[in-house]
Amino acid sequence: VCAGGEDDTFARQCFDGVDIHFASDYAATSAVVVTDGQTRSGVDFHVTEGGMIRGTIRDKETGSPAGRMRMQMDLHDGTGNLVETSYIYTEDSGAYELPGLPRGSFYLVASPSYSVYGGTQLYPEIDCPDGDCIITNGQAITFSGAESHDSIDFSFDAEASVAGVVRDRTSGNPLGGVRVTACLLSSPIWPPCYSATSDASD
């Protein structure tokens, strides 16, 4: 049983009092054994506020924010072992936050999930062919407390796109500043949607 981590603001701690800094730390945790109808008391935690990673997911070709999408974020410890996997949604601006990170040095791997974008990247924007990277070739992100690391950005190629022009129905003139949203209906989860803003050109 663990508290904190993933999308929480507190760093992860597992029972009994084990702070998770490395993948190997899970081996030191204690199992909580219960039987049907039993309540096990005393499963307590003492957590601390974790660090924060912030960044933007961009379209690799245009450099523009990729819009709202579901991302898989894999956090690896300083030796390259996977510590935890989080699934998050970016904002319409492509911005994301990954809170609740413990003290230590970590590598971050990002992959669009059920998205019109594809690929896997190791920070800082190192492409991983077929999802395979030497994790320790990336740039480690180090936390000594509850500080924030910003501009941890990634960029991906679009595997599909739609194009067109938004026009005024009366005049037929192109309109700028209109938000256009497309949703991926083939996704097995809640359909992710992607947004862009029209310009005033043909």
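Start with the largest pocket, which holds about 1,000 Å³ of space. The model is predicted: local features need pLDDT of at least 70, side-chain atom pairs count only at pLDDT 80 or more, and totals for chains, interfaces and linings use all residues. Residues are numbered from 1 along each chain as its sequence is written, and side-chain values use heavy atoms, with hydrogens and water left out.

**Stop 1: the largest pocket**

The terms come first. On a 1 Å grid over the protein atoms alone, a pocket is an open set of points with protein on both sides within 12 Å along at least five of seven lines; a cavity is a set where a 1.4 Å probe fits but cannot get out. Lining residues have an atom within 4 Å of a point. Grid points are joined across faces, edges and corners, and the volume is the space filled by probe spheres set on the points.

Select S161, V162, A163, S195 and A196. Of the 33 lining residues, these five lie nearest the pocket centre. Now show β14 (154-158), β15 (179-183) and β16 (193-197), the elements that give two or more residues to the lining. Strands here are DSSP runs of E, at least two residues long, and helices are runs of H or I, at least four long, numbered from the N terminus. Which element gives the most to the lining? It is β15, with 5 residues.

Colour the lining by class. You get 17 nonpolar, 9 polar and 7 charged residues. Nonpolar means Ala, Val, Leu, Ile, Met, Phe, Trp, Tyr, Cys and Pro; charged means Asp, Glu, Lys and Arg; the others, Gly among them, are polar.

**Stop 2: the open sheet at β1-β2-β3**

Go to the three strands β1, β2 and β3. They form an open sheet in that order, with antiparallel pairing. β1 (2-3) and β3 (18-19) are the edge strands; each has a single partner, so one side of each has no neighbour in the sheet. Two strands count as paired if DSSP finds at least two bridges between them. β1 and β2 (residues 13-14) pair over 2 bridges, in the antiparallel sense. Within that pairing, C2 stands opposite C14 in β2.

**Stop 3: the disulfides**

Show the cysteine sulfurs. There are 2 disulfides, each a pair of cysteine sulfur atoms within 2.5 Å.

Stay on C2 and C14. Their sulfur atoms are 1.9 Å apart. The link is right-handed, with 95 degrees about the S-S bond. Is each end buried or exposed? C2 is partly exposed, at 38% relative accessible area, while C14 is buried, at 1%. Buried means under 20%, exposed over 50%, and partly exposed in between, using a 1.4 Å probe and protein chains only.

Next, select C128 and C133. This disulfide also has its sulfur atoms 1.9 Å apart. Here the link is left-handed, with -100 degrees about the S-S bond. C128 is buried, with a relative accessible area of 5%. C133 is buried too, at 17%.

**Stop 4: the salt bridges**

A salt bridge is a side-chain nitrogen of Lys or Arg within 4 Å of a carboxyl oxygen of Asp or Glu. The count comes to 5.

Select R54 and D150. Their side chains meet in a salt bridge at 3.6 Å, N to O. R54 is in β4 (residues 51-59) and D150 in the loop between β13 (148-149) and β14, so the pair ties parts 96 residues apart in sequence. R54 is partly exposed, at 32% relative accessibility. D150 is partly exposed as well, at 46%.

Move to D127 and K60. Their closest N and O atoms are 2.8 Å apart. D127 lies in β11 (residues 126-127) and K60 in the loop between β4 and β5 (70-76), so parts 67 residues apart in sequence are tied together. Both ends are partly exposed: D127 at 44% relative accessible area and K60 at 31%.

Last, select D92 and R179. Their salt bridge is 2.4 Å, N to O. D92 sits in the loop between β6 (82-89) and β7 (95-101), and R179 in β15, 87 residues apart. D92 is partly exposed, at 36%.

Salt bridges that share partners join R54, E97 and D150 into one network.
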